[in-house]
Amino acid sequence: MKKLLGLTVALMLCLGMTGIGSFAYFLDPESAPDSQLEAGTLDLKTDDVDGVTQTIYATSMKRGDSVSGNITLKNSGSTDGVNLDIVFSFIENDDTPNAVDMSANATAATLEVITLVYDGSNLLSTVSDNNTNGYKDIQDLTNADLTDLSGLNTLASKDFDIEFKLKETTDNNFQGDGVTITITFTLNQWGS
Ligand SMILES: [Ca+2]
Ligand SMILES: [Ca+2]
Ligand SMILES: [Ca+2]
């Protein structure tokens, strides 16, 4: 029997744009500077189902802005993990005011994924342009198969890197729209 153990990283993204025809950039004083995601270590405990949740905020972006993050995944449990699954999901998280409410799917599709690397492997090459908009985006990641990746032996660490940008062609209707993106890492072990 395979045991599934995981944890979640949430990235909250609000497209903080104001003004008709312009995209002003608001820097939230409480957020990390320059849209940098916080780097952190996530403990994946093969012998403890209580994972760690890390929430990262990128509260405002303008067209062409990119957000990058590095997460170190560590098996801090006492059992080796034979493989790792990564699953992306998102939910709508709009700001106010929001004159035109764009869907969560459309909003996620404005975020082009530039980098997606785990343990030195380029995962982006395995992702297809599922929504056929001409580039690989966060919506596409939710339809991608990112399972059976290399596992983590006990006390081992591997790096996960992601970078995405707000597509330059994003129109004003997306002002006030946002999504909360959740990345779930599941370290699988073979149990009795
Ligand atoms: Ca919306
Ligand atoms: Ca796409
Ligand atoms: Ca809007």
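Helices (H or I, at least four residues) and strands (E, at least two) are taken as DSSP runs and numbered from the N terminus. On this basis P97 is placed in the loop between β5 and α1 (104–108), and a cis peptide bond with omega of about 0° joins T96 to P97. The model is a predicted one, in which local features need pLDDT of at least 70 and side-chain atom pairs count only at pLDDT 80 or more, whereas totals for chains, interfaces and linings use all residues. Residues are numbered from 1 along each chain as its sequence is written, and chains are lettered from A and ligands numbered from 1 in the order in which they are written.

The protein chain contains two helices and ten strands, arranged from the N terminus as β-β-β-β-β-α-β-β-α-β-β-β. Contacts were assigned where the C-beta atoms of two residues, placed from the backbone, lie within 7 Å. Of the contacts in the protein chain with a separation of 6 or more, 86% are accounted for by residues 24 or more positions apart. Burial was assigned from the number of other C-beta atoms within 10 Å of a residue's own, again placed from the backbone: 20 or more for buried, 12 or fewer for exposed, and partly exposed in between. By this criterion, 35% of the 192 residues of the protein chain count as buried.

The protein chain has a mean pLDDT of 74, with 68% of its residues reaching 70 or more. Among its elements, strand β7 (residues 121–122) has the highest mean value (96) and strand β1 (residues 2–14) the lowest (50). Residues 1–5 have pLDDT below 50, and the model gives this stretch 15 contacts beyond near neighbours in sequence. Over residues 14–39 pLDDT likewise stays under 50, and there the model has 52 contacts beyond four places in sequence. Where pLDDT is low, the predicted coordinates should not be read in detail.

A nonpolar core was defined as a set of buried Ala, Val, Leu, Ile, Met, Phe, Trp, Tyr and Cys residues joined through C-beta atoms within 7 Å. In the largest such core, which has 28 residues, the members that touch the most others are L84, I86, A108, I138, F164, I181 and F185. Two or more residues are given to this core by each of β4 (66–75), β5 (81–92), β6 (111–118), α2 (138–142), β8 (149–152), β9 (157–166) and β10 (178–190). Strand β10 supplies the largest share, five residues. With residues up to four places away in sequence left out, I86 touches Y118, L146, L149, I183 and F185. In soluble globular proteins, nonpolar side chains tend to be buried together.

Strand pairing was taken to require at least two DSSP bridges between two strands. Strand β9 pairs in the antiparallel sense with β4 over nine bridges, and seven bridges join β9 to β6, also antiparallel. Beyond four places in sequence, D161 touches N70, T115 and V117. The C-alpha atoms of D161 and L116 are 5.7 Å apart, at a sequence separation of 45 residues. D161 counts as partly exposed because it has 16 C-beta neighbours inside 10 Å.

Strand β10 includes T182, which is partly exposed because 18 other C-beta atoms lie within 10 Å. T182 and V87, 95 residues apart in sequence, have a C-alpha to C-alpha distance of 8.1 Å. In the loop between β9 and β10 lies E168, which is exposed because 11 other C-beta atoms lie within 10 Å. The contacts of E168 beyond four places in sequence are with R63 and G64. E168 and D65 are 103 residues apart in sequence and 8.5 Å apart from C-alpha to C-alpha.

Positive phi values in residues other than glycine include those of D119, near 50°, and D148, near 60°. D119 is located in the loop between β6 and β7 and is partly exposed because it has 16 C-beta neighbours inside 10 Å. D148 is located in the loop between α2 and β8 and is exposed, with 11 other C-beta atoms within 10 Å.

How values were computed
pLDDT is the predictor's confidence in each residue, from 0 to 100.
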